[in-house]
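Hi,

Here is the structure I promised to pass on. Have a look at it below, and then read on for what turned up.

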Amino acid sequence: MASALSEIDVKILNALQEDSRLTVQELADRVALSASSCWRRLRSLEDTGVIRRYTALVDPKAASVGECVFAHVTLERHSAETAAIFIEAVRKRAEVLECYAVSGDADYLLRVAVGEIADYNRFLEEFVFHLPFQVRIRSNFALKEIKYETALPLRPTAR
């Protein structure tokens, strides 16, 4: 169930989405709370799972994994067992940054980060082609990043 977010919670989350390295005191100053009040709210947001974790955003090109591929995957056999095997296998692949079960022509949409096209070919050969069932895959290579944002558009919710 989704947690209700107050106006202060949203201010805290927006500040952290901009800079997760803020100290509690810096965060408190930004949202006009005492440090202890801010710490309690922050702890509550962590405990309820609203804040999953703190992380650094790494520039893909600077880290030599600048090719982004969107892979539309369709399983040839639709069963709970096949889906479970696919999901477990995808979770083990570091180059798969995101995986969604989707509606439409494909069953899953993967966002895959690789250094170059040859690395994606290796991903297909070592992973996709070795699955114990047939899949159809349609790959789209990103030509240019137009917008990339990680901050969610938050607003207060009713309690």
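**What turned up**

Alanine 32 sits in the loop that joins helix 2 to helix 3; helices (H or I, at least four residues) and strands (E, at least two) are DSSP runs, numbered from the N terminus. Before going further, a caution: this is a predicted model, so local features need pLDDT of at least 70 and side-chain atom pairs count only at pLDDT 80 or more, while totals for chains, interfaces and linings use all residues. Residues are numbered from 1 along each chain as its sequence is written, and side-chain values use heavy atoms, with hydrogens and water left out.

Most residues other than glycine have a negative phi. At 68% relative accessibility, alanine 32 counts as exposed (buried means under 20% relative accessible area, exposed over 50%, partly exposed in between, with a 1.4 Å probe and protein chains only). Serine 64 is another such case: its phi is positive, about 65 degrees, although it is not a glycine. You'll find serine 64 in the loop between helix 3 and strand 1, and it is exposed, with a relative accessible area of 57%.

Now the overall layout. The domain assignment of the protein chain gives domain 1 (7-48) and domain 2 (60-142); such bounds come from an automatic or database domain assignment. Taken over C-alpha atoms, the centres of the two domains are 36 Å apart.

Helix 2 covers residues 24-31, and Leu27, Ala28 and Val31 are buried in it. Why do they end up on the same side of helix 2? Because they cover an arc of only 100 degrees around the axis, the arc being that of the directions from the helix axis to the C-beta atoms. Helix 1 (7-18) and helix 3 (35-47) are among what covers the buried residues of helix 2.

Four strands form an open sheet in the order 2-3-1-4, with antiparallel pairing (two strands pair if DSSP finds at least two bridges between them). Strand 2 and strand 4 (135-141) are the edge strands, each pairing on one side only. On average, neighbouring strands are turned by 20 degrees against each other, direction ignored; axes are lines fitted to C-alpha atoms, for helices over the stretch in contact, and angles run from 0 to 180 degrees between N-to-C directions. Helix 4 (residues 80-91) packs on the sheet and touches strand 1, strand 2 and strand 3, where contact means heavy atoms within 4.5 Å. The direction of helix 4 makes about 20 degrees with that of strand 3.

Some pairing details: strand 1 (residues 67-75) and strand 4 share seven bridges, and strand 1 and strand 3 also pair over seven bridges. Histidine 72 has arginine 138 as its bridge partner in strand 4 and leucine 109 in strand 3. Strand 2 (residues 96-101) and strand 3 (residues 108-114) pair over five bridges. They form a hairpin with six residues between them, and glycine 104 in the turn has a positive phi of about 105 degrees.

Last, the aromatics: there are four aromatic pairs (rings of Phe, Tyr and Trp, its six-membered ring, pair if their centres lie within 6.5 Å; planes under 30 degrees apart count as stacked, over 60 as edge-to-face and the rest as tilted). Phenylalanine 123 and phenylalanine 127 form a tilted pair, 5.3 Å centre to centre with 35 degrees between the planes, and both are buried. Tyr120, Phe123, Phe127 and Phe141 form one aromatic cluster.

Cheers
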